[in-house]
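These are my notebook entries on a structure that I had not examined before.

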Amino acid sequence: MARADKATAVAELKSEFEGSAAAVLTEYRGLTVAQLKQLRIALGGNAKFAVAKNTLTKIAATEAGVTGLDSLLVGPTAVAFVTGDVVEAAKGLRDFAKANPLLVIKGGFMEGKTLDAAEITKLADLESREVLLAKLAGAMKAKQSAAAAMFNALPTNMAQLAEALRAKREESGE
């Protein structure tokens, strides 16, 4: 690869690191071009899957301020630059790796922290952002409903108490 080509590749990788919410490093040894195409389709708009040379990836990561990936950049490496939902991308990679054992998730980087393969799997086990937001909205609605019921109970209880007091006075002849 010519020096200008390397500089261009490093600049592209650096911009990918800087523009991504996370990056997941994988080993793709043994996968066919068709399988890699299926993986890219499976990731959809959540991630961009790119095969890159390890030395160029190390340089680009360092320039982008990403540290701790050097130990993961061994052997044939491809990087999934996650621009969308990190959980969805992790699920896509995990599911594809289950169906195609030749794809090995090495680890990754998210929010200034290096992740190992187990942590990527934990991310994949989380529920999607939409589901978590729906649960939060449901919990908030339940709290509001409980508060409304409590505020509604006060006048009702007061009215029942006044009626009981009126009935007692009437009964006692006051």
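The entries below go from the whole chain to the sheet and the helices on it.

**Entry 1: the model.** I noted at the outset that this is a predicted model.

**Entry 2: elements.** I listed the secondary structure and found 6 helices and 5 strands in the chain. Reading along the sequence, I wrote down the pattern α-β-α-β-α-β-α-β-β-α-α.

**Entry 3: overall dimensions.** I looked up the extent of the C-alpha trace, which spans about 105 × 35 × 25 Å along the principal axes of the chain. I then asked what radius of gyration the chain has, and what a compact globule of 174 residues would have. The chain has 28 Å, whereas such a globule would have a value near 16 Å.

**Entry 4: surface and contacts.** I recorded that 34% of the 174 residues count as buried, a class that requires under 20% relative accessible area. The chain exposes about 10800 Å², and carbon and sulfur atoms supply 59% of that area. I also looked at contacts between residues at least 6 apart in sequence; 80% of these join residues at least 24 apart.

**Entry 5: the sheet.** In what order do the strands lie in the sheet? I traced an open sheet of 5 strands in the order β2-β3-β1-β4-β5, with antiparallel pairing. At the edges I found β2 (47–51) and β5 (113–116), each of which pairs on one side only. From one strand to the next, the twist averages 20°.

**Entry 6: the β2 side.** I followed β2 to its partner β3 (residues 78–82); the two pair in the antiparallel sense over 5 bridges. Here I located V51 opposite A78 in β3. Helix α2 (residues 33–43) lies across β2 and β3, and I noted that α2 runs at about 155° to β2.

**Entry 7: the helix on β1, β4 and β5.** I next turned to helix α5 (residues 117–125), which packs on the sheet. Helix α5 touches β1 (22–27), β4 (104–110) and β5, and its direction makes about 90° with that of β5.

**Entry 8: the β5 side.** How many bridges join β4 to β5? I found 4 bridges between these strands, which run antiparallel. One of the residues I looked up was M110, whose bridge partner in β5 is K113.

Terms used:
Residues are numbered from 1 along each chain as its sequence is written. This is a predicted model: local features need pLDDT of at least 70, side-chain atom pairs count only at pLDDT 80 or more; totals for chains, interfaces and linings use all residues. Side-chain values use heavy atoms; hydrogens and water are left out. Two strands pair if DSSP finds at least two bridges between them. Axes are lines fitted to C-alpha atoms, for helices over the stretch in contact, and angles run from 0 to 180 degrees between N-to-C directions. Contact means heavy atoms within 4.5 Å. The radius of gyration is taken over C-alpha atoms; the globule rule is 2.2 Å times the number of residues to the power 0.38. Buried means under 20% relative accessible area, exposed over 50%, partly exposed in between (1.4 Å probe, protein chains only). Accessible areas come from the Shrake-Rupley method with a 1.4 Å probe; for residues, only the protein chains shown count as cover.
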